[in-house]
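Here is a short briefing on a protein model. Look at the structure first, then read the points by topic.

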Amino acid sequence: MGFSVTELYKKYGEKVVVDHLSFKMDQPGVYALLGTNGAGKTTSIRMILNMLAKDGGTVEWNGGPLTLRTCNVGYLAEERGLYPKNTLMDQLMYFAALRGVSRDEAKKRIRYWAERLDAVEYLYPKQEGKKPVKPKKADQLSKGNQQKIQLMLSLLSDPELLILDEPLSGLDPVNTDLFKGIIHEEIEKGKYLIMSSHQMATIEEFCTDLTILSRSKTVLQGNLADIKKSYGRINLFIKAEQELRDEIEAAGITILSSVGFSYQCRVTGEAQANALLKTLVSREIPLIAFELREPSLHEIFVEKVGETHEES
Amino acid sequence: MKNPELHGVGTVFRYTVQQHYKTPSVVAFLVILFLLAAGSMPLALLMSGHESEVEETKIHTLYLRNECAFSIVTDSVLADERYQALKITETDEDDDTLSEKVLAEADAAAAVISMKDGMLMPSLTLRTVYGENGDVTSADAETLNHLLENALHDSLMASLAITKDQEAIVNSGVTSRVARIADYRAGAEESNTDTHVFVNMFYCYFIMILCGISIGYVFQQCMEEKVSKLVESLLVSVSPTALLTGKLLAVMLFVFSGLAVVGLGFFVSFQLIKPFGGFGFAAPTVENILHFSFADLHFTLPTILLFVVCILIAFAMCAGLSGISGSCCSKTEDTQQASLVSMTFLLTGYLAGAFAPMFESDAVNIFCSLFPVTSVFTALPNYTCGKIGLPLLLLALVIQALTALFLMRTAGRVYKMMLLYRGGVPKPAQIIRMLKENKAAEKAAAGKEAPHAE
């Protein structure tokens, strides 16, 4: 059981755009595919889904090649749209039919998702007076509401593998929470999710494993918790009511940034931070905050991508 | 469906057709098309001034003024049972007096025979007039006029002492044809050049219209998912091959349903004019002015079947070519540049079809019938007019079918390759290079797994 990508490779002319990407998901969960713009995330997803011909590598689902027939895939693409002049219901029924969902079942599922995504008024417009109600067309909807329909399209077949490319971009806070709730539900249902996003906080909220791509190469890969643990608690945040620069530097700690009497520092380990805390307490310096924590995904991403940029 | 690449063709086809016919402008267009076709023949009939003959006449008196040098024998008019009681009075009164007389008598009409100066030579003119307030109708006057015209013609021939046989010989003209001994012995009749030109021209117009409409539809269908940015979402549900096949089948239905509507319109149109003598009003015009002869054509049931096959292949060729060009477009503005290829195909074929018959050369006819671009426009008319035989026509159809198949397959590959492409229209060399790279990548991947396969 599971999903795996092995040595995925693609080049355009002489330019390598995906350089031997490998990762696997042995059990349901969320896998994050991160990277800078042009790192090869979308190209990798397109190859995984057989939209682009691979120059090398394999994609497997439950031990066999992943194809339209062997795996029920749902995909919310980064470049997404709808037929502007066709009614929303027609489009949803069309997608359901293409995925082999029967008419009756499709109607049930559309009703469910319309209610879940708060899109009932667009799909089932109410009669006002004696005027006949015209079904809504895609170009009559806002971008956010179109995105709800697009998410419905990807979920209609009740997919085993769900690929979400920038699922939350362009959404207002209310709809962001709505989408997040649905992603949580899909995780609870035991689905395999691959998510690509530039919003690191979102990825941190959902994912268990990740790959960071930079300039077509894998620069970091593994379990997010393990990665963070491997870095240790090296981020120190101090806020005081007076200048502390001399004390921090005297303890051999690097100040990354400072605003007023707030300092963002990097320590070598917990012992170094404890030593500084002991010094500050012994001198009776009043502290507002003293926090030692693991690096955030954002910080890890910037560091790793920054390293490859420096190397190149 | 066994081929997984074609899974979903039916769904794509149904959806595309459903959305097309849901558009009010499409329905309006078809209705207008039908009305135009249905109204065409009655309108032409009305404009020709042709009316059906009456069964009973209200004309009892005819004033006849003959200004010509020979006398008109009216026995044939009186021999017609409807006009047996007609009283013909010869007169030389002027127009005003004659008009007053006709207006005063409800059952009177007048006929004036005169010699008028024409552009090249003088011509005989017969004019039958009737009072607009009397009992005589236009159709009644028309019927009498027709009988008088025949009587005038016979009298003219009699005055020149020309017999019926002599007249037939003078009017028959000379038909000259060139034929090979083999054809001559086989009795293979060729039509005259005028008929050949007319048939080719008509067929070329037809193919032009068929292909012209198809190009627009195919372009629209090839670009629809790209423009609406729906392509990636769609490709996890259906393969590009199935998507394009479903769409092209739908386009075929749009085009041929349009033709069927026109055909139905013409059928209704013919039914409307049938009680008035059918094509009788137009046939002499076509035959005399265009020197076109229906009798010259090899027009049989198999020809009709061949016609259906020919237009299907013509559509497939045009759809394949437009599919290649249309797949290279990412936005509406690109279509102008991309449509040049299809337009060149149309114009080349049309010009060849329109002008080749004028050369009266076997070599030109055979070349045009076999060369794929011109073959679509010329092979069937050449066969129908006896310029090529059935074996050559069948060979032409095989060549056309193979070309169409090649174009359709290439269109499928280009469509698949270009679905995710964004940018200007690539040059042909660039497309070929991309196709080669893609094929190599597919071959490399095929060793490990087959995309879109079970």
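In chain B, the C-alpha centres of domain 1 and domain 2 lie 53 Å apart. The model is predicted: local features need pLDDT of at least 70, side-chain atom pairs count only at pLDDT 80 or more, and totals for chains, interfaces and linings use all residues. Residues are numbered from 1 along each chain as its sequence is written, while chains are lettered from A and ligands numbered from 1 in the order in which they are written.

**Domains**

- Domain bounds here come from an automatic or database domain assignment.
- In chain B, domain 1 covers 4–43 + 185–446, and domain 2 covers 61–163.
- Chain A is split into domain 1 (3–228) and domain 2 (233–293).
- The C-alpha centres of these two domains of chain A lie 43 Å apart.

**Nonpolar cores**

- A nonpolar core is a set of buried Ala, Val, Leu, Ile, Met, Phe, Trp, Tyr and Cys residues joined through C-beta atoms within 7 Å.
- A residue is buried if 20 or more other C-beta atoms lie within 10 Å of its own, exposed if 12 or fewer, and partly exposed in between; C-beta atoms are placed from the backbone.
- The largest core has 141 residues, and Leu92(A) and Ala314(B) are among those with the most contacts inside it.
- Helix α8 (residues 193–227) of chain B gives the most to this core, with 13 residues.
- A second, separate core has 20 residues, including Ile59(B) and Leu148(B).
- In soluble globular proteins, nonpolar side chains tend to be buried together.

**The sheet in chain A**

- Helices (H or I, at least four residues) and strands (E, at least two) are DSSP runs, numbered from the N terminus.
- Six strands form an open sheet in the order β6-β7-β8-β3-β9-β10, with mixed pairing.
- Two strands pair if DSSP finds at least two bridges between them.
- The edge strands, β6 (73–76) and β10 (217–223) of chain A, each pair on one side only.
- Strands β7 (residues 161–165) and β8 (residues 192–196) of chain A run parallel and are joined by five bridges.
- Asp165(A) has Ser196(A) as its bridge partner in β8(A).

**Where the chains meet**

- 33 residues of chain A are in contact with 28 residues of chain B (contact: C-beta atoms, placed from the backbone, within 7 Å).
- α2(A) gives the most to the side of chain A that touches chain B, with five residues.

How values were computed
Two residues are in contact if their C-beta atoms, placed from the backbone, lie within 7 Å.
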